[in-house]
Amino acid sequence: MIGRLNSEITLLSESALADGGGGNQIAWTAGATIWADIEELSSSSNIAGDRNVRLRRIAARIRQRSGLTLGGRIRLVDTDFDITSIEDDDDGRIALICEEALS
C-alpha cells in the first residue's frame, strides 16, 4: 500500500481577504502536504461547454483523513484542482475526484 502513495499533494484551504473596496477576494492557502496515488481520468469540457478547452481530471487516493470537503482544493505540482467528489475506496482509503481549477 505505501508504494502506491508516490505523489505529493498539498491540501489548500479557502480564506476571504478584504479587497479594499468593501468586499472580499478568495485566496487559497497551502496546508498539509500528504502522499497520494494519482490516476489521470478522462478530461471534461469547461463550464461554458467550450469543447476546445479541456480540463484535466484526476483521482487522488489518500489515507483516511477528516476535514475534506467538496469545493475544497488540492495542488499537484503547480496545478490546483477542485475536489468534486469524495468516495470511500475498497481498501480503506479515500478517493478524491478532482477537476483542474479555472482560477
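**Salt bridges, stop by stop**

Select Arg4 and Asp37: their side chains form a salt bridge, with the closest N and O atoms 3.6 Å apart. Arg4 sits in the segment before strand E1 (7-18) and Asp37 in strand E2 (residues 24-45), so this pair ties together parts that are 33 residues apart in sequence. A salt bridge here is a side-chain nitrogen of Lys or Arg within 4 Å of a carboxyl oxygen of Asp or Glu. Strands are DSSP runs of at least two E residues, numbered from the N terminus.

This is a predicted model, in which local features need pLDDT of at least 70 and side-chain atom pairs count only at pLDDT 80 or more, while totals for chains, interfaces and linings use all residues. Residues are numbered from 1 along each chain as its sequence is written, and side-chain values use heavy atoms, without hydrogens and water.

Now colour by accessibility. Buried means under 20% relative accessible area, exposed over 50%, and partly exposed in between (1.4 Å probe, protein chains only). Arg4 is partly exposed at 43%, whereas Asp37 is buried at 16%.

Next, select Glu40 and Arg56, a salt bridge whose closest N and O atoms are 2.7 Å apart. Glu40 belongs to strand E2 and Arg56 to strand E3 (residues 54-63), so the pair ties together parts that are 16 residues apart in sequence. Glu40, at 46%, is partly exposed; Arg56, at 30%, is also partly exposed.

Last, select Arg75 and Asp80, which meet in a salt bridge at 2.6 Å, N to O. Arg75 is partly exposed at 27%, and Asp80 is buried at 18%.

How many salt bridges are there by this rule? The count is five, including the pairs Arg4–Asp37, Glu40–Arg56 and Arg75–Asp80.

Notes: Helices (H or I, at least four residues) and strands (E, at least two) are DSSP runs, numbered from the N terminus.
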